[in-house]
Amino acid sequence: MNDKRLHPVPAAGHPITEADLHGYADGQLPPGRHAEVDAYLAAHPQDLARVQTWQAQRRALHALLDPVLDEPLPLRLPLAPPTRQIPWRALAAGIAIAAISASAAWLTRGALDARHLQSILATASPDRAAGGYAQRAAIAHAVYAPDMGRPVEVSGDNEKALVTWLTKRLGAPVRAPNLSHAGYELVGGRLLPGGAGPVALFMYGAPDGQRLTLYVTREATNGQTAFQFTQEGQVRVFYWAEGQFGYALSGAVSRDELQRISQEVYNQLQG
């Protein structure tokens, strides 16, 4: 981590470093140092805004990743001998903590707008009923779509490998719709923890930099097949169920454009 020195807090005499700011955002500083950083931030609003942005992403990632902590050990996985059993919840917690700890690095690349995420989190519901996955889809979009460094795990250049991988992980055939006629090309995709198992996230980009994400989940959808609309902050979402999947198309575009592209996605998945 870049530990460049910032302006010192005059009363303390010890320079406040970039590492101190990250430690403050993560709640990992001892009380004395926490108070010194508090005083520094009170006098440096620009750095305070950065820290608040990191904290907003941390909360967003908790909202996205915490559901995996409640998942039971998959019955289809063979258990290891007692001395080598995988501590499933501990492993899930470790993954979530690692992802959340990495949030500060993402933010230094300008990957997230804190006000954007805060507006989503202010209205997000923890309810896992129908539509709950639409809110998780909006959060996933807000976390990954602005990332210029690594928005996806597998690029669109390897579409076949991406689809094969996600199909295997979700346990049912997954498709990446072709949205080139709508002005969007496949950027790639990634695997995410959802409310009831793994989730596939496909990302599409337009020449002007606008991005859409398609969230594909197998969690319960209560038989809701008609298009539903919701808006979380700046992110608009059309979601629907078809067969064993729930789909949510998210983007910071007009409702009309998002509905048009959602219809295109729906038509392709029917074919």
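pLDDT is the predictor's confidence in each residue, from 0 to 100. Helices (H or I, at least four residues) and strands (E, at least two) are DSSP runs, numbered from the N terminus.

This is a predicted model, in which local features need pLDDT of at least 70 and side-chain atom pairs count only at pLDDT 80 or more, while totals for chains, interfaces and linings use all residues. Residues are numbered from 1 along each chain as its sequence is written, and side-chain values use heavy atoms, with hydrogens and water left out.

**Confidence**

The chain averages a pLDDT of 76. A score of at least 70 is reached by 66% of the residues. Confidence is highest in β6, at 96. It is lowest in helix α5 (residues 103-108), at a mean of 42.

| Stretch with pLDDT under 50 | Contacts beyond four places in sequence |
|---|---|
| residues 1-5 | eleven contacts |
| residues 73-88 | ten contacts |

**The sheet**

Seven strands make an open antiparallel sheet, ordered β3-β4-β5-β6-β9-β8-β7. Two strands pair if DSSP finds at least two bridges between them.

β7 pairs with β8 (residues 235-242) in the antiparallel sense, over five bridges. Gln231 has Arg236 of β8 as its bridge partner. Thr230 stands opposite Val237 in β8. The two strands form a hairpin with two residues between them. Gly233, in that turn, has a positive phi of about 65°.

β8 also pairs with β9, antiparallel, over seven bridges. Here Tyr239 stands opposite Ala248 in β9. This hairpin too has two residues between the strands, and Gly243 takes a positive phi near 65°.

Buried means under 20% relative accessible area, exposed over 50%, and partly exposed in between (1.4 Å probe, protein chains only). Six of the eight residues of β8 are buried, so β8 is largely enclosed by the rest of the structure.

**Helices**

Ala142 lies in helix α7 (residues 132-144). Ala142 is buried, with a relative accessible area of 0%. Ala142 and Ala252 are 110 residues apart in sequence, yet 9.2 Å apart in space, C-alpha to C-alpha.

Helix α9 (residues 255-270) holds Gln268. Beyond its neighbours within four places in sequence, Gln268 is in contact with Arg175, Pro177, Asn178 and Leu179.

Notes. Contact means heavy atoms within 4.5 Å.
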